[in-house]
Amino acid sequence: MAVSTVYTVLSLNSACSISKPNKTHLGFNQKQLVFFKKTTTITTTRRATTVITCSAGDTVVIGLAADSGCGKSTFMRRLTSVFGGAAEPPKGGNPDSNTLISDTTTVICLDDYHSLDRTGRKEKGVTALDPRANNFDLMYEQVKAIKNGVAVEKPIYNHVTGLIDPPELIKPPKIFVIEGLHPMYDARVRELLDFSIYLDISNEVKFAWKIQRDMAERGHSLESIKASIEARKPDFDAYIDPQKQYADAVIEVLPTQLIPDDNEGKVLRVRLIMKEGVKYFNPVYLFDEGSTISWIPCGRKLTCSYPGIKFSYGPETYFGHEVSVLEMDGQFDRLDELIYVESHLSNISTKFYGEVTQQMLKHADFPGSNNGTGLFQTIVGLKIRDLYEQIVASKTGAPLEATKA
Ligand SMILES: Nc1ncnc2c1ncn2[C@@H]1O[C@H](COP(=O)(O)OP(=O)(O)OP(=O)(O)O)[C@@H](O)[C@H]1O
Ligand SMILES: O=C(CO)[C@H](O)[C@H](O)COP(=O)(O)O
């Protein structure tokens, strides 16, 4: 006897084919909800077994968490560049869309899941960082749908008006990046991520960057910048910062240790913290995997002016996890000489000698291109490409094109 289970269907996308009986007998409402695995067996009272085969579910999902103004957009530009092609807002859509689409990647901003608009937050006295101002149920349903190859109608939070605009259609890409305040906050969303990154910008540096952007470029006063950072801090500490414990890679940005008592925030010490044991992710290393290394590369092959450059590498523990940490303190004088540093790094997932240097030179005008922020963002971009290629190869059984390093 057939089991009487009611399944509902949100979207039978083109990647799914119905083996039997024919489509007309399915009797599901397109707007109802179920997400198919590769092969879903549906048993209904009306008919015998119906098998739906989907090639859906090949989207790789990447989470990028950071506070506002901490370099997410810059990182995304570096990442999409690794895959080639330009990332643009959806064509013919809302001009205030926060989404960026390229051939390979779709980057959505999780601000689009704000459940309270600017006025609503003001009335309720909550910040956008507060989970109560965000719709995690919808975020989970939609990220899950995309991962399973099903297009969604995602809301848009309009940063110009502060209102929630009518939704935009997001189709499943090869790589789906969810960037914003809370990609790893909700355990259900976290589970959907194939790889996660946290940009951990120390307060001193965040303040220096905010001043640079909001004071120099947006005309805000020093007092208002200080006040805005202070107002966000309790919720940042409560809801955003704790996500770093879940990240597979953390890029930590700190003031330099090369200049005693530096408070300018111009020279940076940047640490790339890479979790061990993450599937499809082999941490980068310097000279000798697992050893503890300190390296000052300034000399015949690398030009360094004051205060110089210092690299460190070694194993550490981070929130109870074993990690490898690669650190760069200082900044490059000549980007073309970066090839010297690149040639001493291993597991960087390049496809040809000098690819990191080439990427850095290509975007020399991006913030952080002369220091560890740009270098490590570029390397993480290459690692994501590698991870994506490994996941695809594991699904199709196709041999992987070899990476050089
Ligand atoms: N690596 C860096 N080095 C120096 N300054 C940086 C760096 N990354 C970002 N900034 C500064 O921070 C500003 C914000 O960067 P970006 O737009 O990438 O951040 P964001 O997290 O996407 O911001 P928002 O969420 O507010 O849109 C830049 O205009 C620049 O002033
Ligand atoms: O933390 C933020 C993430 O970008 C913003 O402050 C939040 O999205 C609210 O935006 P707005 O200030 O434009 O209303």
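## The surroundings of ligand 1

Let's start with two helices: helix H1 (72-83) and helix H5 (203-217) each supply at least two residues of the shell around ligand 1. This is a predicted model, and in it that shell holds 14 residues, the closest being Gly69, Gly71, Ser73, Thr74 and Thr373. Sorted by class, the shell around ligand 1 comprises 8 polar, 3 nonpolar and 3 charged residues.

Some contacts here involve the backbone. A backbone N or O atom of Gly69 is 3.0 Å from an oxygen atom of ligand 1, and a backbone N or O atom of Lys72 likewise lies 3.0 Å from an oxygen atom of ligand 1. Thr373 uses its side chain: a polar atom there lies 2.8 Å from a nitrogen atom of ligand 1. The protein buries 81% of the 620 Å² that ligand 1 exposes when taken alone.

## The surroundings of ligand 2

Now for the other ligand. Around ligand 2 you will find Ser68, Asp111, His114, Arg118, Arg121, Ala128, Tyr157, His159, Leu181 and Arg232. By class, these shell residues are 4 charged, 3 polar and 3 nonpolar.

Side chains reach oxygen atoms of ligand 2 from several residues. For Tyr157, a polar side-chain atom is 2.5 Å from an oxygen atom of ligand 2; for His159, the corresponding distance is 2.7 Å. In the side chain of Arg118, an N or O atom is 2.8 Å from an oxygen atom of ligand 2. On its own, ligand 2 has 360 Å² of accessible area, and the protein covers 78% of it.

## A look at His159

His159, one of the residues around ligand 2, sits in the loop between strand S7 (152-157) and strand S8 (164-170). Its relative accessibility is 40%, so His159 counts as partly exposed.

Beyond its neighbours within four places in sequence, His159 is in contact with Asn98, Asp111 and Arg118. With Asp111, the link is a polar contact of 2.8 Å between the two side chains. Arg300 is another matter: it comes 141 residues away from His159 along the chain, and their C-alpha atoms are 49 Å apart.

## A look at Gln359

Our last stop is Gln359, which belongs to helix H8 (residues 355-362). Is Gln359 buried or exposed? Gln359 is buried, because its relative accessible area is 4% and the cut-off for buried is under 20%.

Setting aside neighbours within four places in sequence, the contacts of Gln359 are Ser81, Val82 and Thr378.

Conventions: Residues numbered from 1 in each chain as written. Chains lettered and ligands numbered in written order. Predicted model: local features only at pLDDT ≥ 70, side-chain atom pairs only at ≥ 80, totals over all residues. Heavy atoms only, no water. Near = heavy atom within 4 Å. Polar contact = N/O pair within 3.5 Å; in protein donor to acceptor, adjacent residues only side chain to side chain. Areas by Shrake-Rupley, 256 points an atom, 1.4 Å probe, with all protein chains shown as cover. Nonpolar A, V, L, I, M, F, W, Y, C, P; charged D, E, K, R; others polar. Helix = DSSP H or I, 4+ residues; strand = E, 2+ residues; numbered from the N terminus. Buried < 20%, exposed > 50% of the residue type's maximum accessible area, 1.4 Å probe, protein only. Contact = heavy atoms within 4.5 Å.
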